[in-house]
Amino acid sequence: MDSRRSIPRTDDLLADPDLAPAVARAGRDRVKAAIQQAQQRARTGELAPDAVKRAALAALTPLRRVINATGVLLHTNLGRAPLSPLAVRAIADAAGVTDIELDLETGRRGRRGRSALATLAAAVPAAEAVHVVNNNAAALVLAATALAGGKEILVSRGELVEIGDGFRLPDLLVSTGARLREVGTTNRTTLRDYAEAVGPETGFVLKVHPSNYRIEGFTAAPEVAELSTLGVPLVADAGSGLLRPDPLLPAEPDAATWLNAGAHLVTASGDKLLGGPQCGLLLGRADLVERLRRHPLARALRVDKLTLAALEATLAAPATPVAAALHADPEALYVRAQALAERLADAGVDATAVRTEARVGGGGAPGVTLPSAALAVAPVLAAQLRSGDPAVLGRVERGHLLLDLRAVPEELDKELLSAVAACG
Ligand SMILES: *Cc1c(COP(=O)(O)O)cnc(C)c1O
């Protein structure tokens with residue numbers, strides 16, 4: 001049989017009610033083009049004929065809301081930190097015309113994002129000055145370019161990390177024209193290793209917090225306080241974006257502690273444990289921050305007004321969804337899971353409340369597990385839940401699909417319930 005005959009026809013798909021919202025949103029021509037592309041893939045055998053509609057829909061669907069039931073608080077593939085309602089409102093308010101770079105009192109040009117920067121500076125009094133760029137990678141690029149262009153960056157062999165998706169910190173640093181000078185070994189690096197490498201060619205010493213793995217056993221690495229005595233600037237990449245210590249994550253570095261210990265510049269992400277928008281924070285000595293701010297590259301890495309607005313709102317009200325998920329009471333999560341399981345039983349869906357372990361995620365605290373609770377349902381539901389709107393993403397473990405509640409705000413329980421009940 002010629003399988004091409006069973007490929008759905010363009011006109012039939014264009015009239016399909018499932019594609020009607022896409023036609024309304026994206027226009028008939030774009031939908032037609034997506035259908036024809038999917039049909040072509042079916043003709044070459046890449047797609048099954050009955051997958052054509054789904055492929056066309058997928059190509060036309062904008063970002064979809066996802067309920068993060070993975071138990072991974074900061075899920076890079078899900079956009080890391082969900083913003084607080086206040087931050088979302090701040091974005092909407094900033095989206096129109098604002099005084100982002102104007103002093104309304106004098107009518108003259110003002111420092112861009114001064115109010116967000118002042119809020120950040122107030123949140124980290126240990127920093128003499130602050131600057132914000134597009135993300136932590138940009139913060140490192142700016143530091144490397146402005147402070148070590150044509151010179152050397154000293155970094156321990158144990159801290160040459162790959163962040164994810166093949167993205168390697170050493171490659172990023174070298175791309176700026178700085179030279180990497182590796183010191184020590186994978187598991188042990190001493191202050192002497194650094195001291196022997198410091199010279200006129202040194203731009204700065206870089207300390208990187210290994211945020212997504214741990215080296216255990218026979219290890220050594222000098223503390224920030226020791227590294228700050230080498231007579232050259234110490235740039236410390238804290239990764240996770242904690243501004244102050246969090247008792248729940250004692251091994252996770254924070255900007256205030258590192259600055260107080262002597263780091264001259266700390267970099268961090270805004271959308272990890274800080275729970276804010278994607279951005280890179282640069283905190284530290286006034287002269288270094290000024291050099292970064294004045295560097296021509298700073299203009300290419302600057303953040304937009306929406307990011308500044310969201311960052312300011314996040315700093316002003318640090319009870320973010322990430323903080324709520326991190327500090328959720330495991331017993332309360334279990335009670336929620338039990339209540340949901342009962343409601344699902346009423347709807348004819350087999351679900352049990354189970355105790356689980358959640359994780360902070362690629363954004364920090366490797367090896368830390370957070371006691372949590374989940375709904376355990378049949379693994380066959382995974383695909384159906386992923387294709388819903390909102391999509392629900394869980395994790396398959398021990399032969400079950402676990403819908404972990406730690407990263408699911410309680411307000412979403414109703415939606416979670418309807419999504420799972422619809423699978424019954
Ligand atoms: C996440 C991370 C980065 C990259 O941060 P982005 O904000 O994603 O650019 C760099 N260094 C460390 C240690 C990290 O944890």
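## Pairing of E11 with E12

In this predicted model, Leu265 has Gly284 of E12 as its bridge partner. The two strands concerned are E11, covering residues 265-269, and E12, covering residues 280-284, and they pair in the antiparallel sense over five bridges.

## The seven-stranded sheet

E11 and E12 belong to an open sheet of seven strands, whose order is E4-E12-E11-E10-E9-E5-E8 and whose pairing is mixed. At the edges of the sheet lie strand E4 (129-133) and strand E8 (179-183), each of which pairs on one side only. On average, and with direction ignored, neighbouring strands of this sheet are turned by 25 degrees against each other.

## Packing of H5 against H14

Helix H5 (residues 85-94) and helix H14 (residues 305-316) have axes that come within 8 Å and cross at roughly 145 degrees, and the crossing of H5 and H14 is right-handed. From H5, the contact is made by Leu86, Ala87, Ala90, Ile91 and Ala94, while H14 contributes Lys305, Leu306, Ala309, Ala310, Ala313 and Thr314. Sorted by class, the residues in the contact of H5 with H14 are nine nonpolar, one polar and one charged.

## Domain assignment

The domain assignment of the protein gives domain 1 as residues 1-50, domain 2 as the two segments 63-80 and 323-423, and domain 3 as residues 85-318. Taken over C-alpha atoms, the centres of domain 1 and domain 2 are separated by 33 Å.

Key. Residues are numbered from 1 along each chain as its sequence is written. This is a predicted model: local features need pLDDT of at least 70, side-chain atom pairs count only at pLDDT 80 or more; totals for chains, interfaces and linings use all residues. Side-chain values use heavy atoms; hydrogens and water are left out. Axes are lines fitted to C-alpha atoms, for helices over the stretch in contact, and angles run from 0 to 180 degrees between N-to-C directions. Helices (H or I, at least four residues) and strands (E, at least two) are DSSP runs, numbered from the N terminus. A crossing is left-handed if the near helix is turned anticlockwise from the far one by less than a right angle, and right-handed if clockwise. Contact means heavy atoms within 4.5 Å. Ala, Val, Leu, Ile, Met, Phe, Trp, Tyr, Cys and Pro count as nonpolar, Asp, Glu, Lys and Arg as charged, and the others, Gly among them, as polar. Two strands pair if DSSP finds at least two bridges between them. Domain bounds come from an automatic or database domain assignment.
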